[in-house]
Amino acid sequence: MTPRQQEVLNLIIQLYGQFEEPIGSKTLLRESYLKVSPATIRNDMVVLEQQGLLMKPHTSSGRIPSIDGYRYYIDGIIHQEDKELPFLDDDANFEELTQAKHYSPLQLTQLCADILVSLTGFTAVVLGQNKESHYFEEFKLVPIDRTRYISILMTDKGNIESEQIELKVSLSKDDITKLVEMINDELKGVVLEDAYQRMKLGIPLLTQRLTGYQLDFSPLIEKSMHHIKGHRYYISGKSNLFDLIDGQTSREALKHLFELIDGSREMYHLLEEQEEGINIMFGYEFLADSLANINLLTGSFVNENQKIILGLLGPTTMSYEKVIALLEVMINKLSIQ
């Protein structure tokens, strides 16, 4: 891609966000400082379309950004090393706020979410997750009757989780002893996340050798991890989502959207997967097709053994340079509190 083609792509994304209609060569020249002919611009647009970065709607001669075009553009903003971050000083007095010692990092992030909502008009979410490592210590299986059992897990820090389960088989006392000894031998001292994977994938094969049946006790570890992580979830500007919904959105899609953002396990999983720093997910990656115009932009950091994710749900046509800069300022400040 030539520097001019890069500039053409950037301009089309910015102008499409402003006008929300396909951008043609005349509009591009009128709204920019490019000193070339319309034919040259059209040639550059054809090249960008061939590269999959632009699309041409059937009803217009102009172009709109593709998802790949947006991702290329956003990655360029995120990884730009010499960009200048703005000084954020609004009515909430952000600079003074981040210096306040009586707020925890999570509380500060929640206040930042409110600021983001007021500055952008979008919807913000915050997830706090304990990053302290816990290890598998001991597993027990206590029979209630022929097929019902209580499974118990203890971690190295003394956290205890139990769950009543029903198996399709009746285990003898000898089976239970061998089963418990095998699981403890295999998993004692293993970090819970790894123990969960082994309990789900490898241990069932070992239980089959001992008892003749594949037994899966991984939900017990998953339950333990969920409680230990101590999720704290916060949402601000929820009603702003209605600005992103049109009349074509199905009831099922709306239900999924609002169940998702109300603090569902699916939302926790989406946010937990985000790496430290700034990341973006496009709507088609986590929502119904009719909501593909909604993006999730996140900033993640670790502070005091806690991973905190600040997310912003907004339209695909958002002003990425401004929003990413605001998010980076906040994350940079919050990560050193």
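Angles under 35 degrees count as roughly parallel, over 145 as roughly antiparallel, 65 to 115 as roughly perpendicular and the rest as oblique. This is a predicted model, where local features need pLDDT of at least 70, side-chain atom pairs count only at pLDDT 80 or more, and totals for chains, interfaces and linings use all residues. Residues are numbered from 1 along each chain as its sequence is written, and side-chain values use heavy atoms, leaving out hydrogens and water.

**View 1. Helix 7 meets helix 9.** The axes of helix 7 (residues 173-187) and helix 9 (residues 203-211) come within 10 Å and cross at roughly 150° (axes are lines fitted to C-alpha atoms, for helices over the stretch in contact, with angles from 0 to 180 degrees between N-to-C directions; helices are DSSP runs of H or I, at least four residues, and strands of E, at least two, numbered from the N terminus). The two helices are therefore roughly antiparallel. Asp175, Lys178, Leu179, Met182, Ile183 and Glu186 of helix 7 meet Ile203, Leu206, Thr207, Leu210 and Thr211 of helix 9.

**View 2. Strand 8 beside strand 9.** Strand 8 and strand 9 (residues 294-303) pair over 5 bridges, antiparallel. Asn279 stands opposite Thr298 in strand 9.

Definitions and conventions:
Contact = heavy atoms within 4.5 Å. Pairing = 2+ DSSP bridges.
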